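Here are a few notes to go with your first look at this one.

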Amino acid sequence: MSTAQDAMTKARAGVRLGEAQALSLADTGDLRPLLTAAEELTLEGHGRTVSYSRKVFIPLTQLCRDVCHYCTFAKAPRSLRAAYLTPDEVLEIARAGAAAGCKEALFTLGDKPELRYSAARRALAELGYGSTLEYVAAVARRVFEETGLLPHLNPGVMTREDLARLRTVSVSMGLMLETGAERLSQRGGPHWGSPDKLPARRLETLEWAGEQRIPFTTGLLIGIGETRRERIEALLALRALHERHGHLQEIILQNFRAKPGTRMSTAPEPPLEEHLWTIAVARLVMGPRFSIQAPPNLQPGALVPLVRAGVNDWGGVSPVTPDHVNPEAPWPHLAALAAETQAADRELVERLGIAPPYARSAGDWVDASLLTAVRRAADSRGLARSDPWHAGMGHAVPAAAPEWIRAGVAAPGAPGCRSGLSRGIARALARAARGAALEESDVEGLFYAAGRDLHELLRVADLLREDAVGDEVSYVVNRNINYTNICTYRCGFCAFSKGRSSRDLRGPAYRIDPDEIAQRTLEAHAAGATEVCLQGGIHPSYTGDTYLGIVAAVKAAVPGMHVHAFSPLEITHGARTLGLSLHDYLRRLQQAGLATLPGTAAEILDDEVRVLICPDKLRTAEWAEVMRTAHAVGLRSTATMMFGHVEEPRHWARHLLLIRSIQERSGGFTEFVPLPFVHMEAPMWRKGLARSGASFREALLVHAVARLVLHPLVPNVQTSWVKMGPEGAALALQAGANDLGGTLMNESITRAAGGINGQILDAEHIEVLAQSVGRPVFQRTTLYQRVRTSAAVPLIAIAQ
């Protein structure tokens, strides 16, 4: 026979508990080992974050055909001013929520009141609707279209047809199971007289929701007469549903509150220990990654133990409307909720009305009419965007960002050894500090770091930067020459190229001839540049000879100029058009004067992503083969990653690990350059197919994690001042980056995408930027050799 201790041991080891093992937890005596196991699993699955949704609560109707004996939400028609809120009243509430920064519109209502009350039928007829659910669908659509709030619907038991209709107007729905005990619907039970509270009927609705791939919230109401065993049986039933369909986005574990004026007003409320036991058991039964919620307003002053027991989500909290279901229990102010969450050593993070895993894969779960809104509201983790910063836009960095750096500096010690770190984060930081390769899951986990884990990650990244290259900040004086923006490829992220699909994007099509390239090279040399960086679209008339001619034009104009040119896509195109192998074509370019390659066209080196954003472009293996071949012939290169569009942190992990793998064999990468997606004019963003670029938190993390993953093989991590802005670049220099890239006369690709951070940052301003974080600065060559200069050469922006 299984014992509770056996079940806890298996759960901590990652073993799915069988029915007998789960039921054995009903006999738990001492709560301490159960709570310890639950907290370990929660940290494993959710790290040091607890989420909430900033919502507005819309009680569309408080009429209900059910008569739950603990409920004060449902009322008789004589107690209400009107049977339903009008559309104008709904929109007034929604607009107030939107103005207060809410992102979710929670519609809560009684179950099909028209089946019981003639007043409900008359009111619906006056509104022009045949049923409550028909009215819900109409007003939810209006709220979304007129306020932008994402609807979450709690309309009660539904048919398959009801679910299909409401799926088109909501990002998620909810139906509390409450209990799996049929006996509680018998005479004398809390659900007597409530036909929609029969567990079988509610489980049927949950099943149908799973069949239609609707993200669904459910939960248990504990303390209404059920036993511990019955709670576990209900959890097992919900787990079975979720294992069949994967659609349960969270389970709410709500403690019963006795309310005056109800038949259960004198019923005993469950003690806190019983609530903690239920949460911890749910964590062990449902597993580490499942989302478990407890309403924070129903256990005031006890949020820390709730977190310790396994809670990772507080649910919806409204700064505008009361909890109409529990009006005696006001929502905590968000500042107080954040403080109590921090007291549990967690960071409060905002999510949407659709839980993070479902927001990340919204295309599989959300109706097409709502997809764009979900994508634009979410970050890479599926949480709500944490800040209004966007790459290339000149926005100020979030006010909290400098504190992330300071908090890490204030906690000295060996990398990853700071007390209280999450186990996975500590392990990954310690391995990175030793220069060891990390596992994909470890790298992915670093991108979810929060609180002290985040602070320590940034600190360790900066320590490894110091260990690899010292304190000096480097930069190169260069000029960008984008020789054509005409391109036969259809990359969804690119606003630079001109073709049939991009006539409405910025600027006309152009093609620069060799004489003009030579002239720009002369101008760059006169302005002190040591490098010209040449890239462009794949023009339909270009061949491998075109690229050879471009190199020749530069070298003829300024023989000593370093030619940093041609992405792996251009190299592949040139070789194919001449019928040459990559090796032979790269040799010819090298002999003509090509010195290094930019590691662009990488975007995300994972074909799951590339098929979405650049389906006709190089595959991951082809990009890698160009780089391996270039390194083999003696041409070094950079490596880049363009992030913040459709990919997830697991793709970032794969990208970085591939760069490390190539570097282990070739040693040819000089630097890694994170490039946050500039979304404003990108075709795929304009079509609603991408997120709105990386948040600042994500942009800073990618710099830091790149340092950790690539250490010590790739010594230099560059921050793009064009994308990050000077203020953002300064923070990146304190989170693992050591290089500010080029002065970039005539940077045009970011500007074509809508960026406004400028086309040039002269040497004097670069030095001021580095010195603002207390670091010395030096001018380098493309290959990181020191350039001896008597004084900074002033640069001018040359019109293109």
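1. Some ground rules. Two strands count as paired if DSSP finds at least two bridges between them, and helices (H or I, at least four residues) and strands (E, at least two) are DSSP runs numbered from the N terminus. This is a predicted model, where local features need pLDDT of at least 70, side-chain atom pairs count only at pLDDT 80 or more, and totals for chains, interfaces and linings use all residues. Residues are numbered from 1 along each chain as its sequence is written, and side-chain values use heavy atoms, with hydrogens and water left out.

2. Start with the sheet. Strand S10 (residues 473-476) runs parallel to S19, joined by three bridges; Ser474 sits opposite Phe778 in S19. The open sheet has three strands, in the order S18-S10-S19. Strands S18 (739-742) and S19 (777-779) are at the edges with a single partner strand each, so one side of each has no neighbour in the sheet.

3. Now the cores. A nonpolar core is a set of buried (under 20% relative accessible area, 1.4 Å probe, protein chains only) Ala, Val, Leu, Ile, Met, Phe, Trp, Tyr and Cys residues joined through side-chain atoms within 4.5 Å. The largest one has 124 residues, and Leu457, Leu534 and Phe566 have the most contacts inside it. Helix H28 (residues 696-710) gives the largest share, 11 residues. Another core, of 95 residues, lies apart from it and includes Leu17 and Trp277.

4. Last, helix H6. Among its buried residues are Leu133, Tyr135, Arg141 and Phe144. Just after H6, Gly148 has a positive phi of about 85°.

How values were computed. Buried means under 20% relative accessible area, exposed over 50%, partly exposed in between (1.4 Å probe, protein chains only).
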